[in-house]
Amino acid sequence: MAPINQLPAALLAACAVFLALAAPLLAGNPDMLQDFCVADYKSLKGPLRLNGFPCKRPENATANDFFSNVLAKPGNTNNPVGSAVTAANVENLPGLNTLGVSMSRVDYAPWGVNPPHTHPRATEIIFVLEGSLDVGFVTTGGYLYGRTVCKGEIFVFPRGLLHFQKNNGGAPAVAISAFNSQLPGTQSLAVALFGASPPVPTDVLARALQIDGGVVEAIKSKFPTNY
Ligand code: GLV
Ligand code: MN
């Protein structure tokens with residue numbers, strides 16, 4: 001055992017080693033402790049909240065808990081940005097609970113854009129099914145990694161980094177994305193800045209973006225708040 005006067009240093013060192021080892025585990029969705037844990041949505045009706053969803057008893061799980069046809073149909077791209085994201089995640093596919101994966105389908109109108117956004121809980125890998133996309137992500141240092149990705153090709157957006165896609169053709173395009181989280185979360189840059197509720201103060205945005213408050217108000221009017 002370490003002498004008394006060395007204990008704090010020994011403890012500090014032990015804590016540092018523990019944190020270094022734990023960090024990679026804490027960075028993604030937690031590891032599984034059982035074969036599966038089909039989400040029991042009904043049990044969340046009470047006041048109790050937890051990180052993820054409670055499990056159904058395994059004998060009550062069915063094959064349908066692991067099945068979804070939600071990505072079979074194209075999303076409606078008739079909107080100002082010309083794209084639609086359809087998600088298959090733990091909120092609509094209960095069998096994904098605790099498995100650390102999910103998918104989405106992105107449909108693009110001709111020249112449509114999936115606007116800049118981030119996924120706080122997942123890295124994304126996108127596979128172009130139809131058409132070709134101009135894609136990119138921006139590092140924390142402000143460098144843009146961008147290129148064209150054609151039918152049959154893939155591109156990776158690292159976890160948490162701002163990214164976008166644009167259909168670079170005059171015909172509809174389709175992509176499938178996979179995520180290493182059951183619920184990646186999506187934060188749209190424009191909606192976060194201009195559609196938050198309560199709103200981000202106009203003077204904050206005007207100063208941050210170095211534009212006139214009137215321009216900020218004009219942009220805000222295009223992003224009705226969700227709450
Ligand atoms: C595309 O970036 C997506 O999040 O589905
Ligand atoms: Mn994305």
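Mentor: What follows is a close look at the metal site and the ligand beside it. This is a predicted model, in which local features need pLDDT of at least 70 and side-chain atom pairs count only at pLDDT 80 or more, while totals for chains, interfaces and linings use all residues. Residues are numbered from 1 along each chain as its sequence is written, chains are lettered from A and ligands numbered from 1 in the order in which they are written, and side-chain values use heavy atoms, with hydrogens and water left out.

The manganese ion (ligand 2) is coordinated at 2.1 to 2.2 Å by His117 (NE2), His119 (NE2), Glu124 (OE) and His163 (NE2), where donors are N, O and S atoms within 2.8 Å of the metal (3.2 Å for Na, K and Ca). The angles among its 6 donor atoms run from 73 to 172° and the site is octahedral, a term that for six donors requires opposite ones to be over 155 degrees apart and all others between 65 and 115. For comparison, the ideal angles for six octahedral donors are 90 or 180 degrees.

Along the sequence, the donor residues follow the spacing H-x1-H-x4-E-x38-H. Because His119 lies in the loop between strand 3 (113-118) and strand 4 (124-130) and His163 in strand 8 (residues 162-167), the pair ties together parts that are 44 residues apart in sequence; strands here are DSSP runs (E, at least two residues), numbered from the N terminus. His119 is buried, with a relative accessible area of 4%, and His163 is buried at 1%, buried meaning under 20% relative accessible area with a 1.4 Å probe, protein chains only.

Terms used
Tetrahedral: all angles 85-135°; square planar, octahedral: opposite > 155°, others 65-115°. Helix = DSSP H or I, 4+ residues; strand = E, 2+ residues; numbered from the N terminus. Buried < 20%, exposed > 50% of the residue type's maximum accessible area, 1.4 Å probe, protein only.
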